Every structure is written in C-alpha cells, then in structure tokens.
Amino acid sequence: MKQIVVYDTTLRDGMQGTGISYTLEDKIQIARKLDDLKIDYIEGGFPLSNEKEAQFFREMQNQRLRHAKIVAFGSTRAPHGNAGNDPHINALADAGTPAVIVVGKAWTAHVKQVIKTTLEENLNMIFDSVSLLKKAGREVFFDLEHFFDGYKEDPEYALQVLKTGNEAGADTLVLCDTNGGCIPSEVERIMKRLAGEKLAPLGVHFHNDTGCAVASTLTGIENGAVHIQGTINGWGERCGNANLCVLIPNICLKLGYKATCCEQVKRLTPLSRFLAEKANIIPDRRQPYVGEAAFSHKAGQHADVISKAAYLMEHIDSALVGNTRHIILSELAGKSTIVSKLSKYGKFDKASAEVNELIQKLKLLEQEGFEYEAAEASFDLIIRKTLGRYTPLLDLHNYHLESYKSGDAPSKTVGRIFLKVKGKEVMGAAVRVGPVETLDAALRDALLPIFPFINKIKLTDYKVRVLNPEKASAAKVRVFITSSDSDHDWDTVGVSENIVEASWQALIDSFEYYYNNFELKKKVK
Ligand SMILES: [Zn+2]
C-alpha cells in the first residue's frame, strides 16, 4: 500500500476559521502535539503577515521536534518583480524552516482580475519563486490555488501551471479547491486526466463548502495523490478544511494506506479536545471518530449488544483513535484511560480498587461540569489524593474581595487572604483591576516568603466557559488555567456558579500540581 504524507494546516488555514485564535504559546503547544501524533508537516503560518507569526518561526527553531517538519507559507513574487528581493520570498527564506509552501494562481480569471497580470507573467512568477527557494535548499511545496476551478475553465492553462511548478523543481504539487465547491466525481474526472503527465508527486487540499472535503481528499488519494492537507477538527475558513480527525483514521484504519501518523492514531481524540479547549470552542460531540458521542450508547438494548460483542455495534474499537466508549449508567466507561493515567504511579489494572474509586469520583465530577481532557494536572491531583500521595500546599481560612468604582475612574478590586501554611498563620493582600487577578496576587503575596518557587509559575492562559447558559446569571462556569515554569506547561480546571470560586480551584490546583510534582521531588533527591 502506498505511503501518504500528512500535512497539517491547523495553524495557518485553520486560523482563518471564524472564532479561532491561538496565542503564541498555544501555537507552540499545538505544534508539539502534532509532532507527537507524527504528522509529517506542520504549516506554521504566514511569516510576513504579523510579528506573532514571525515569532512562532523563531521560537520553533529552538524546539526539537521528533518527526514533523515546520513549513512557512507565502505567495509567489509580485508581478514584474524580482524573486531575489521580493518581500514574500525573503520572508519565506528567513523563516528558517526546512520546508516552504508557495501559493500561486491556477485559474485564469484570478490571474486577470485579482493579480491583474498576464497569463505568461503568472507562470514566470511561479517559476522564479519556486526555483529560487529550491536553490536556497528548501523543500518546496507548490500550492495551486483554485486548481480545480481553473481546470474546469481552462484545462490547458491549469496544466501549464502544474508543469511550470514541476519544471521549477517543486517537490510536491498541491491541487487546491480553494473555494470548496468541488464534489468528488469532479475531482476524480480531473485527476484521471493528469494520470499520464510526468509530474512531481501530487497533493490535495480541499475546503468543505459542499460538505465533501474528506470524501474529495479520499478520491484524490485513490486517483494518484500521495500528500493530503487538512486541519484538526476540520476548522478553517468558512465551512472549514478537510478534517484530519476523520481523514487519518479513514486512511489508516479503513483503507489501509501507510502514513507515519498511523502508529499514533490513538492520540487523535485527546488532540481534538485539546484544540477545542485552546480555541475555547465547545467540542463537536457528533464528530466522527473523536466526538464524545462517536462511541456512546444509551443503556438498554444497544448497551446489551455491546456487552456481548462490541463489534456488533461499533465500526471500530474506540481505543484505536483514543476515544472512549460511554455507556450511560455503566461502570465500564473509561477504565482503560484511568489505568493508563495511573501507570506512572505503579502497576494497576481494571480490577484495582483505586481504578474503581477514581471512576466513581470522575463520574461525580463530570456531572458537576468538570472536564479533564485538557486539564490533566487537576486530574493528576485527584489521582494523588486517591493514592495517598498528595501533600496540600496550604489551608485556606478565608479570602475577601471587594470591587469598587468611583465616578469615571476605572474599577479596582482589593483582596485579602488568610491562610495556614506549614503550621504558620499568614496573610496576603493585593489591589488589582479584576477579582481573579487580585486573588492570584494576594495568594502569591502570602505564599512567596515560604515558597519562593511560586515566582517561577506564570499563568499563561485563562479561559472561561458558561456551562448551562439557559440558567442565565445562575449558570455554572468552567475555568481553565494554563501555567508554565518555562520548562513545563500544565493545565487545571475549576467549576462553580461563582467565577472567582472556579478560578480559585484552578489556581490552587496549578500551584499544588507544581508543588507535588516538581518541588517536593527536588527535596527528596
Ligand atoms: Zn485552504
């Protein structure tokens, strides 16, 4: 079976989706997770577009990836310009990535009406840009924008564009359906016509405007493509891109193609949910393979069939994609996940009393609205408490927060906190703008003299989600906090009807996680 190269554009095309934005730290964490999944190429963004993008490429030069190569995205040189001093081409070369992707026009209407140049100059722009980056030692992907529409209108010119990219030395020629309007039968018809051409390997890039992006990508593979592009969760411009969370299991588990990420398919579900938390988007429960409902069965007949033989009700074993079967009112759910999470603390199996205790705790907490897929540090503390391997950082007596506003001046919050730490009574105080920020500052004020390590912990992200909006102001909120000490990142969660209380839980979990996992260990050594 042929080898398929998997190219992820979550951090570039994926960020064109409405409501999607990631911080620089998010982007780095996402790139590392994509590398763990053994994605072959990670498109990092458009280095010329803004400083955050350029900084990502600088930061990634210090990150050692195990498998994936980072790719910088940019367009061909400007009409009648010189590729050698074109800002787009220079930005691509300066990004310092092993591979680059150059986008060029393949539809005559776009050449004439958008970049307003001649068809011949468009070919020159492509040739110069691709060949210059090849000479600079980069692996070069040539992205043929609107290839399928271009082919439908003027097949000869679209083919000329393909051949130009090929002659310029592009390593892969990527056929794009940029407006997402193609259906699989068109893809098949067009790609069959390319079969006789001697060209570099072909890739495909589909958008989902007809709901066919995954189907068209599979059609592309069946008709000669060996490189596929898509995004995690299918997020992208308008209706999104081909969804890698669906494509990868399809190519690895259904069609039996080879791809490096096939060994790591089980990482897909956690990655899908991790991205949802980072983007602050509620995960799509009905997403194939990785959605929470993909392997959920209501108690009763279906669950009964499952208990006899799972394959009678499920098209694959949920564990293959890292998902979990949920049977409502059953204690079977999630045991293997718990066993694997416990493995760092010793040998446990599904029958261990600790596993059952954790399942019960988890069920109750999930009912209250806690979610641990993107808050592993909080779950680690629950495990520690269950195993008797938890050392509390402090005892809280009380905290007080008072927000005030006078006239037109900005509002402020005054906070005081009273704690018992290592048998000593301590107090902290702070004045900041918001209540959560004030609570964090007052807590640090109290702890710092006793625990100087607190200074190393930075809160790098804070997200709030309303859980049951129908209850209006009495709704519960879930808070996620990401913390970092520059060597590690960890995530914690809190849930309450009070946003300060939810934040307190996530904050204290963050400090206690660090204390138990790093600080106490250091002292033992
Ligand atoms: Zn695209």
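**Strands, helices and charged pairs in a predicted model**

Arg-77 is buried, its relative accessible area being 4%, where buried stands for under 20% relative accessible area, exposed for over 50% and partly exposed for values in between, with a 1.4 Å probe and protein chains only. The structure is a predicted model, in which local features need pLDDT of at least 70 and side-chain atom pairs count only at pLDDT 80 or more, while totals for chains, interfaces and linings use all residues. Residues are numbered from 1 along each chain as its sequence is written, and side-chain values use heavy atoms, with hydrogens and water left out.

Arg-77 forms a salt bridge with Asp-128, and the closest N and O atoms of the two are 3.0 Å apart; a salt bridge is here a side-chain nitrogen of Lys or Arg within 4 Å of a carboxyl oxygen of Asp or Glu. This pair links distant parts of the chain, since Arg-77 belongs to the loop between strand 3 and helix 3 and Asp-128 to helix 5 (residues 119-135), 51 residues apart. Helices (H or I, at least four residues) and strands (E, at least two) are DSSP runs, numbered from the N terminus. In contrast to the buried Arg-77, Asp-128 is partly exposed, with a relative accessible area of 28%.

By the rule stated above, the count comes to 26 salt bridges. One of them joins Glu-263 to Lys-38, with the closest N and O atoms 3.3 Å apart. Here too distant parts of the chain are linked, as Glu-263 is in the loop between helix 10 and helix 11 (268-279) and Lys-38 in the loop between helix 1 and strand 2, 225 residues apart. Lys-38 has a relative accessible area of 22% and is therefore partly exposed, and just after helix 1 this residue takes a positive phi of about 60°. A further salt bridge connects Asp-380 with Lys-344, the closest N and O atoms being 3.2 Å apart. Because Asp-380 lies in helix 15 and Lys-344 in the loop between helix 13 (335-342) and helix 14, the pair ties together parts that are 36 residues apart in sequence. Asp-380 counts as buried, at 7% relative accessibility. Salt bridges that share partners also join Arg-12, Asp-13 and Glu-43 into one network.

The parallel strands were examined next. Strand 1 (residues 5-8) and strand 2 pair in the parallel sense over two bridges, two strands being taken to pair if DSSP finds at least two bridges between them. Tyr-7 has Tyr-41 as its bridge partner in strand 2. Strand 1, helix 1 and strand 2 make a right-handed β-α-β unit, right-handed meaning that, with the strands pointing away from the viewer, the path from the first strand over the helix to the second runs clockwise. Since five of the five residues of strand 2 (residues 41-45) are buried, this strand is largely enclosed by the rest of the structure.

Strand 2 also pairs with strand 3 in the parallel sense, over four bridges, and the bridge partner of Ile-42 in strand 3 is Ile-70. Between these two strands the chain crosses through helix 2 (residues 51-60), and this β-α-β crossover is right-handed. Ile-70 is buried, with a relative accessible area of 7%. Not counting residues up to four places away in sequence, Ile-70 touches several residues, among them Ile-42, Phe-56, Leu-65 and Ala-99, contact being defined by heavy atoms within 4.5 Å.

Strand 3 (residues 69-75) and strand 4 pair in the parallel sense over five bridges, and Ala-72 stands opposite Val-100 in strand 4. From strand 3 the chain crosses through helix 3 (residues 87-94) to strand 4, again in a right-handed β-α-β crossover. Strand 4 (residues 99-105) is largely enclosed by the rest of the structure, because seven of its seven residues are buried. Ala-99, Ile-101, Val-103 and Lys-105 point one way from strand 4, whereas Val-100, Val-102 and Gly-104 point the other way, and all are buried. Strand 4 pairs in the parallel sense with strand 5 (residues 139-145) over seven bridges, in which Lys-105 has Glu-145 as its bridge partner.
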